Amino acid sequence: MIGKRLIYLCIALTAVACENDIQAVMEFDSKKAAVENGTDIEAIFSQNGKVNAKLMAPAMERSLDKPSYVKFKQGLKVLMFNDTLGVESTLTADTGRYMEDEGAIFLSKNVVVVNKKGDRLNTDELNWDPKKKVFYSTKEVFIKTPTDSLHGWGLIANEDFTDRKIINVSGPITVQDSLSMQ
């Protein structure tokens, strides 16, 4: 009789303990299932049938929870191509985040953009606004061209960085004489 009671007690305790553990496991699994991870990432981006960029990163984390996003905690490099697949510019950053629903991009820490003309942008923050189709920063920026070095705080630039504006310029600026350009 005592043996049967002991067995029933053990079964009851096991069932109660399993119920708590199962709930904890399910909560853990649901949180874990909402994240995808990848290593040695290479992604090709195209628009209207034309390849326009290639992203490379050592690691990626994608959250499926809303708002969904992709994080690059170990850095990333993006090659941007022209119509003939020539490299127009290169972008690197130590960290990045892409908000999938909005299309917004947030890059930080050692952000460098170099275009084929040799212009180089250095900053600790660079963001992409998909609605306005502009890159922008509120942080300190340095732009080095073959002829000038520009420094300031804040930047607005078009997609290929051919039209850019430093918000608060600091330091010497070289202005070409219009007569020397003829």
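These legends walk through several close-up views of the predicted model shown above.

Before you zoom in, note that this is a predicted model, in which local features need pLDDT of at least 70 and side-chain atom pairs count only at pLDDT 80 or more, while totals for chains, interfaces and linings use all residues. Residues are numbered from 1 along each chain as its sequence is written, and side-chain values use heavy atoms, with hydrogens and water left out.

View 1. Helices (H or I, at least four residues) and strands (E, at least two) are DSSP runs, numbered from the N terminus. Reading from that end, the order is α-β-β-β-β-β-β-β-β-β-β-β. Of the 182 residues, 29% are buried; buried means under 20% relative accessible area, exposed means over 50%, and partly exposed is in between (1.4 Å probe, protein chains only). Contact here means heavy atoms within 4.5 Å. Among contacts between residues at least 6 apart in sequence, 27% join residues at least 24 apart.

**View 2. The largest pocket holds about 1,200 Å³ of space.** On a 1 Å grid over the protein atoms alone, a pocket is an open set of points with protein on both sides within 12 Å along at least five of seven lines, whereas a cavity is a set of points where a 1.4 Å probe fits but cannot get out; lining residues have an atom within 4 Å of a point. Grid points are joined across faces, edges and corners, and a volume is the space filled by probe spheres set on the points. The pocket is lined by 36 residues, and Phe 45, Asn 52, Ala 53, Met 80 and Ile 105 lie nearest its centre. At least two lining residues come from each of strand 1 (35–47), strand 2 (50–63), strand 3 (69–72), strand 4 (76–81), strand 5 (87–93), strand 6 (95–99) and strand 7. Strand 2 gives the most, with six residues. By class, the lining has 20 nonpolar, eight polar and eight charged residues. Here Ala, Val, Leu, Ile, Met, Phe, Trp, Tyr, Cys and Pro count as nonpolar, Asp, Glu, Lys and Arg as charged, and the others, Gly among them, as polar.

**View 3. The structure holds one cavity of 30 Å³ or more.** About 80 Å³ of space lies in the largest cavity. Its lining is made up of Val 113, Val 114, Asn 115, Asp 119, Arg 120, Leu 121, Ile 143, Leu 155, Phe 161 and Arg 164. Strand 7 (105–115) and strand 8 (120–129) are the elements that give two or more residues to this lining, and the largest share, three residues, comes from strand 7. You will find six nonpolar, one polar and three charged residues around the cavity.

**View 4. Lys 54 sits in strand 2.** Lys 54 counts as partly exposed because its relative accessibility is 21%. Leaving aside residues up to four places away in sequence, Lys 54 touches Glu 42, Ala 43, Ile 44, Lys 77, Val 78, Leu 79 and Phe 81. Ala 43 is 11 residues from Lys 54 in sequence, with 5.6 Å between their C-alpha atoms.

**View 5. Trp 128 and Phe 135 form an aromatic pair.** Rings of Phe, Tyr and Trp (its six-membered ring) pair if their centres lie within 6.5 Å; planes under 30 degrees apart count as stacked, over 60 as edge-to-face and the rest as tilted. This pair is tilted, at 4.9 Å centre to centre and 55 degrees between the planes. Both Trp 128 and Phe 135 are buried. The C-alpha atom of Phe 135 is 9.2 Å from that of Asp 160, 25 residues apart along the chain. Asp 160 lies in the loop between strand 10 (149–157) and strand 11 (164–170), and Asp 160 counts as partly exposed because its relative accessible area is 40%.

**View 6. The charged end of Arg 97 sits over the ring of Tyr 69.** The distance to the ring centre is 4.3 Å. A charge sits over a ring if NZ of Lys or CZ of Arg is within 6 Å of the ring centre and within 35 degrees of the ring normal.

**View 7. A cis peptide bond joins Lys 66 and Pro 67.** Its omega is about -5 degrees. Pro 67 lies in the loop between strand 2 and strand 3.

**View 8. Leu 85 has a positive phi, near 65 degrees, in a residue other than glycine.** Leu 85 is in the loop between strand 4 and strand 5, and Leu 85 counts as exposed because its relative accessibility is 51%. Phi of Lys 109 is also positive, near 65 degrees, and Lys 109 is placed in strand 7.
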